[in-house]
Structure formats: C-alpha cells, structure tokens
Amino acid sequence: GVGAMASTTHPSRAVAAVVVVVGAFVAGAVAATALSRRVKGEDHGDVVGVGVDGVGRGGGDAVRCVDVERDVGGVRGVATVPSTSAFDASDEILREQFTRNVQFFGERGQSAVRDAFVVVVGLGGVGSHAAHMILRSGIGKLRVIDFDQVSLSSLNRHATATRADVGTAKATCLKKHFAEIYPEADVDARVAMYEAEAEEELLGPWFGTSQEPDFVVDCIDNIDTKIALLAACVRRNIRVVTSGGAGAKCDPTRLRFADIADCAADPLARAVRYRLNKEYKIQGGITALISIEKQRCELVAEMELKEGETLSDYQVIPNFRVRTIPVLGCVPAIFGMALASHVLTEIAEAPFDGEPLIVLRSKQYDTQLERLRERENERGREVANMAVDLEDVIYLVREVWCALSARDTSNKRLKAYWRNTSGLSLTRWDPAKGATLDNLVLLTTDEADAHDAKCGLEGGFIALCDEEPDLAAFVTSRLNRVKLDFGIP
C-alpha cells in the first residue's frame, strides 16, 4: 500500500507518508512488546495495577489490595481496599490505550477523567454498559454496586457477562472483566443493595482518602431505592444522573436528557419525581435520561398465582419487583452509553447540550419570525438589520432558548414537551448590534419591550449588565454557544 501510494504522489509527500506509517508501526510494536511483557509478568519496573486476585503485579510502587468481607445494607459482599492509586500517567501502555480520549478531551480533560471517582449503582442492562464505558474511558476510581446475580435471562443485555458468569454477583463479574480491560484502574465492587442505612458506606470517600465521589450514576429500577439514592446525592451535593425506564422500547432516536421535573413522559421518572417532591421536597435539579417512546409491552408475571396468593407473596426483598418487563437488549445498552457520555463530558469539562424535548408547531415559529420583523421595522429603516430567516428562528427558539424567556429561571435546565410561545418575542440583546443569530434573546413580549426601552437609552445596556450580572452571564453563555455552533468569531 505504501509503495503504491509513493508511485502516484509527490516524492516529498510520499517520504512523509512512509515516515508516518513506519512511525505508527514502531509505536505500535513498542506498545505491543511492553504489553506482552506485562501480561507475562516480565515487567517489574512500573506500576501495573490490580489483578483479579486483588494483588498488583509488578514491583516498586505496585498496589497491594486487601479483599475484605463487608455487610452492607444487610447483604454480605466483598470490597477491595486499595492502599494507593495504581494509575501512572507516564506509562506508555496507558498513553497508547487512551490516546483517542486525549485527542478528544485534551490532556487536561483526560487527566480529570483519570483522577475522578465515579459510583455506578445498579448493574443490569443499563448500569453494566455505563460502568463498562466509563471504565474503558480511563476513569481512575470506579465503585460498582448491585446486590443481584447474573442470570441466563440477563445475558441478552449485560455488558460483559458470559454463561460462565451466571450465578455470580454482577458487581464482581464486572470487576473480573474490567481487570482484563484496564487493570490499572481501582475498582471497588460492592455486592449490596443501596439503602439509606448504607449511605456512608456506599457514597462515602474512597478508601484511605478524603476523595468524595465526583459523580453518581443511578441505574436502579426500584423506586424506593432510587429516590433514597437521589435524595442522598442531593443532600451530599454529589453530581448525579438518573436513568428512566429502558424496558419495552426499541427506538434509539427517542432518548433525551431532561430535568427530572420535566420527565412526565417516562413512567419510572414520573413516579420518582412525585416521590422526591412529596418525601424530600426536591422538585428538580437532577438530570435524567429518558425515552419519549411509548412502551410496547406490559409487565409480565413469571409465575401463576394460586387462589388467595398475591404477587407480594413472592417478593424476596420487600417492595422489590416481582413482575418483569420485556427488554430488547440494545436499548438499555444505548441508555448506558448515553449516561457514560454525559458523565465523562461533565468530568472533562466538555459538556454537551442535548436536544430539548419541546415540540412546537410550525406556525409558532412563523409567528416569532413575524414579531421579530415587526420589532426591527419599528427601529427605523436606518437601524433595522434583519439577518435571520425561519430556520434560524427555529434554532434559536427551540435549541438555544428552549421556548422560554431568558428571564425564566426554568430556562437554566432542560425543558420538555409542548410549550406555548404566544407571549414570547425575540429581540436584540445588545441594541448596538444587529438582529443576528448571536445577538437575539427570547423574552416575554412585555420583557422585550422593557428591554428595548431601557437598552435604547445611552449607557442602558451596560447598566443592565451591571445591575443583573447573573442574567447577563446566562445570556452571554447561550449566545457563545451559538457562536460555537456556527463558527462565528
């Protein structure tokens, strides 16, 4: 291939191409040789990490871990207690393994991922894939929690389990496979159900350190347990993302991130929202991943009830599910991947703004464009500068301002569903600039009139920014996103 390329390419470019290809082969060979020596146990100079047996291979600063049996929430399990971190940023194998992440996040972002401590609770179809991808992305400390075992029926959706793992705890199953993917990571496997009594044990600092969790991923499908975990995260000021129901669904294009306060389309998230508000006075502020697709199947009971029996008679654990829901394995996998992407980008300080869940009728966009045109005409022919069209208005109203006034405090979270825009108008943020994509703010019509009147006075816009710095910062951040999306300098 290189020879063919050289015969049809400028000589200097051909030489450069050969150098690049040869360099890649050499780098790959070096990394492969080092990895081979490490696997064979011949590399004794660097920190290697934790093997399945809990003992770090290698000499020097190698980590020795102690497996201790713990009783967490009434469920006995094994937790591995590492004495130090096993991650060595200068390790050539690690740098090669995570080179694509470094290219994506940059050194600083990937270092933040490396140094972070993430907790994943619930290791079924959603949680196993979330934990798996977070681990593959180079997380330094990962705590995985689940009381349940791998079953044959869970193999259609679990991230790593095989038939050989059936009957083993999901947490220790993941840890075993993770050691083959990224043995340098510190993985704390807890065979336990999350309960309020075990909060400190499961959400507390990493062993022997004061490092609190940087993120919690809630993949629990039991409402009682789920709300206890979410309430604890809010109380402890830990960032958390929660998963809605992935069962009985098949459309991967219908997944959305939204504030828990706006997740009425998902039955599980809707119930969680109600209970959080009723029992803990938590009305929002928790990011949730839901599917807006309608469930295709109903819950299924796995046993026939005899006369006088109820499903609760078959509960192994009080208030825990007895019936199951049909699951197409790829959907919970996509849920897990999406959750991992959210967590990783937040930790690396490279977050994304998901598409909002609002649905507007085309006439609403036409109305907004016409109102903006009228507002610009009122400025006078010499000043009017209409630099947007209908497609631009759709983008601004839907994606940038989420069909809410910039002064509406709800606008600072992802919003959802049908929204009435009859009382809203687009207007210039800075009146000294034109009605361009990066200078249009959505306000109520009364707010827009007041904004134009105040900022139309000499020094009025500067005074507004000084008087309301939070509003100014919020609007500026949204307009900076527009500049980034459209490459506006």
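Reply: Start with F117, which stands opposite K141 in β6. That puts you in the pairing of strand β5 (residues 117-121) with strand β6 (residues 141-145), which runs in the parallel sense over 5 bridges. Bear in mind that this is a predicted model.

Now zoom out to the whole sheet. β5 and β6 sit in an open sheet of 7 strands, and reading across you get β7-β6-β5-β8-β9-β11-β10. Although β5 and β6 are parallel, the pairing in the sheet overall is mixed. At the edges you'll find β7 (186-190) and β10 (255-259), each of them pairing on one side only. Going from one strand to the next, the twist averages 15°.

As for helices, have a look at α8 (residues 223-236) and α9 (residues 267-280): their axes come within 10 Å and cross at roughly 55°. On the α8 side, the contact is made by I223, D224, K226, I227, A228, L230 and A231. Facing them from α9 are L268, A271, V272, R275, L276, E279 and Y280. Sort the residues of that contact by type and you get 10 nonpolar and 4 charged, with no polar ones.

Notes:
Residues are numbered from 1 along each chain as its sequence is written. This is a predicted model: local features need pLDDT of at least 70, side-chain atom pairs count only at pLDDT 80 or more; totals for chains, interfaces and linings use all residues. Side-chain values use heavy atoms; hydrogens and water are left out. Axes are lines fitted to C-alpha atoms, for helices over the stretch in contact, and angles run from 0 to 180 degrees between N-to-C directions. Helices (H or I, at least four residues) and strands (E, at least two) are DSSP runs, numbered from the N terminus. Contact means heavy atoms within 4.5 Å. Ala, Val, Leu, Ile, Met, Phe, Trp, Tyr, Cys and Pro count as nonpolar, Asp, Glu, Lys and Arg as charged, and the others, Gly among them, as polar. Two strands pair if DSSP finds at least two bridges between them.
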